[in-house]
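New notebook page. I'm going through this one from the overall fold down to single residues.

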Amino acid sequence: MKKLATAITAATVLFSGSAMAAEFNDFDLDKDGFISKSEASLSESLASIFDKLDSDGDGKLSEKEFNQ
């Protein structure tokens with residue numbers, strides 16, 4: 001639950017000032033099904049929690065990891 005709250009906070013910061021909430025697909029720019037560290041770096045907040053969300057340590061976030 002804590003990871004979900006952290007991810008929501010990061011996504012909200014990405015779109016601060018907007019009524020739109022960020023979703024996994026907003027970060028997966030190359031549409032490969034994962035968020036890379038490079039893609040996550042577009043949001044300072046997501047980049048700062050990337051390693052915590054990357055539970056399997058493979059250097060990328062799956063949609064499941066992002067939504068936890």
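How many helices and strands does the chain have? I get five helices and two strands, taking helices as DSSP runs of H or I with at least four residues and strands as runs of E with at least two, numbered from the N terminus. Going along the sequence, I read the pattern α-α-β-α-α-β-α.

Before going on, I note that this is a predicted model, where local features need pLDDT of at least 70, side-chain atom pairs count only at pLDDT 80 or more, and totals for chains, interfaces and linings use all residues. Residues are numbered from 1 along each chain as its sequence is written, and side-chain values use heavy atoms, with hydrogens and water left out.

**Entry: whole chain.** I looked up burial next: 29% of the 68 residues are buried (under 20% relative accessible area; exposed is over 50%, partly exposed in between; 1.4 Å probe, protein chains only). The chain exposes about 4300 Å², and carbon and sulfur atoms supply 55% of that (Shrake-Rupley method, 1.4 Å probe; for residues, only the protein chains shown count as cover).

**Entry: the core.** Which residues make up the largest nonpolar core? I find eleven: Ala-22, Phe-24, Phe-27, Ile-35, Ala-40, Leu-46, Ile-49, Phe-50, Leu-53, Leu-61 and Phe-66. Such a core is a set of buried Ala, Val, Leu, Ile, Met, Phe, Trp, Tyr and Cys residues joined through side-chain atoms within 4.5 Å. H4 gives the largest share, four residues. I picked Phe-50 and checked its contacts (heavy atoms within 4.5 Å). Leaving out residues up to four places away in sequence, Phe-50 touches Ile-35, Ser-36, Lys-37, Ala-40, Gly-59, Lys-60 and Leu-61.

**Entry: a salt bridge.** I count one salt bridge, meaning a side-chain nitrogen of Lys or Arg within 4 Å of a carboxyl oxygen of Asp or Glu. Lys-37 pairs with Asp-51, with the closest N and O atoms 3.1 Å apart. The pair links distant parts of the chain, 14 residues apart: Lys-37 sits in helix H3 (residues 37-40) and Asp-51 in helix H4 (residues 44-53). Lys-37 is partly exposed at 44% relative accessible area, while Asp-51 counts as exposed at 56%.

**Entry: Glu-65.** Is Glu-65 buried or exposed? Glu-65 is buried, with a relative accessible area of 4%. I place Glu-65 in helix H5 (residues 63-67). The Glu-65 side chain reaches the backbone nitrogen of Ser-62 at 2.9 Å. Not counting residues up to four places away in sequence, Glu-65 touches Leu-53, Asp-54, Ser-55, Asp-56 and Lys-60.

Key. A polar contact is a pair of N or O atoms within 3.5 Å; within protein, one must be able to donate a hydrogen and the other to accept it, and residues adjacent in sequence count only if both atoms are side-chain atoms.
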